[in-house]
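Subject: Structure handover

Hello,

Here is the structure I promised you. Please open it first, then read my notes below.

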Amino acid sequence: MTESIVDQENEMMDVYEWIDSFELSREKQNISRDFADGILFIEIIQAIYPKLSSLFNLEGQNSVKNKTDNWNYIKKILEKHLEFKLNKVEIDEIVNCKPLAIEKVLKRFKLFSMSVQTSSSEIEILSSEKIREQLLTWNEFLRRKKQRLEENLKIKENKIKVYMS
């Protein structure tokens, strides 16, 4: 049992270090309250996925209703553009500053974003390999075409020599 507590503490420390790797507009003091309005979470999303930056235009909020509205908007954007799911319970726990609620979501988002970045890199590698294969195929095609043109040119030159003589 102590092993799972130690593992959980290590995972949370990993999440905190990950958060600290971003330049956020507010310093982390009480993570549950700091992330309750969703603004710092948006900043992390924007740092990882800059193309989504224009989709977020939210302000910090104090009321639970307005914080919930922010998180519901974040949820909508994440589901539509990244297929990352947030559920109502998670949002309620975050806006009500339940201990470890935001850490669980951040941990999940960190793993998600790392897997997306990995698969994007794999796609880029596959794409570059595919492009290289296509270029080699195209190069081979052009080489054969050039060879046939040279052969046709020799045939025509020989015909011209025959007609000239």
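Phe-84 and Phe-109 are both buried. Buried means under 20% relative accessible area, exposed means over 50%, and partly exposed lies in between (1.4 Å probe, protein chains only).

A word on the source. This is a predicted model: local features need pLDDT of at least 70, side-chain atom pairs count only at pLDDT 80 or more, and totals for chains, interfaces and linings use all residues. Residues are numbered from 1 along each chain as its sequence is written, and side-chain values use heavy atoms, with hydrogens and water left out.

**The core**

The largest nonpolar core has 32 residues. Such a core is a set of buried Ala, Val, Leu, Ile, Met, Phe, Trp, Tyr and Cys residues joined through side-chain atoms within 4.5 Å. Phe-41, Leu-106 and Phe-109 have the most contacts inside this core. Helices H1 (2-20), H3 (39-48), H4 (64-81), H5 (88-95) and H6 (101-164) each supply at least two of its residues. H3 gives the largest share, seven residues. Helices here are DSSP runs (H or I, at least four residues), numbered from the N terminus.

Look at Phe-41. Leaving aside neighbours within four places in sequence, Phe-41 is in contact (heavy atoms within 4.5 Å) with Phe-35, Trp-71, Ile-74, Leu-78, Val-105, Leu-106 and Phe-109.

**The rings**

Rings of Phe, Tyr and Trp (its six-membered ring) pair if their centres lie within 6.5 Å; planes under 30 degrees apart are stacked, over 60 edge-to-face, and the rest tilted. There are seven aromatic pairs by this rule. Phe-41 and Trp-71 have ring centres 5.1 Å apart and planes at 40°, so this pair is tilted. Phe-41 sits in helix H3 and Trp-71 in helix H4, so the pair ties together parts 30 residues apart in sequence. Phe-41 counts as buried because its relative accessibility is 0%. Trp-71 is also at 0%, so Trp-71 counts as buried.

Now back to Phe-84 and Phe-109. Their ring centres are 5.1 Å apart and their planes at 85°, so this pair is edge-to-face. Phe-84 is in the loop between H4 and H5 and Phe-109 in helix H6, so the pair ties together parts 25 residues apart in sequence. Ring pairs link Phe-41, Tyr-49, Trp-71, Phe-84, Phe-109 and Phe-112 into a cluster.

**One more residue**

Is Leu-142 buried, exposed or partly exposed? Leu-142 lies in helix H6. Leu-142 counts as partly exposed because its relative accessibility is 38%.

Best wishes
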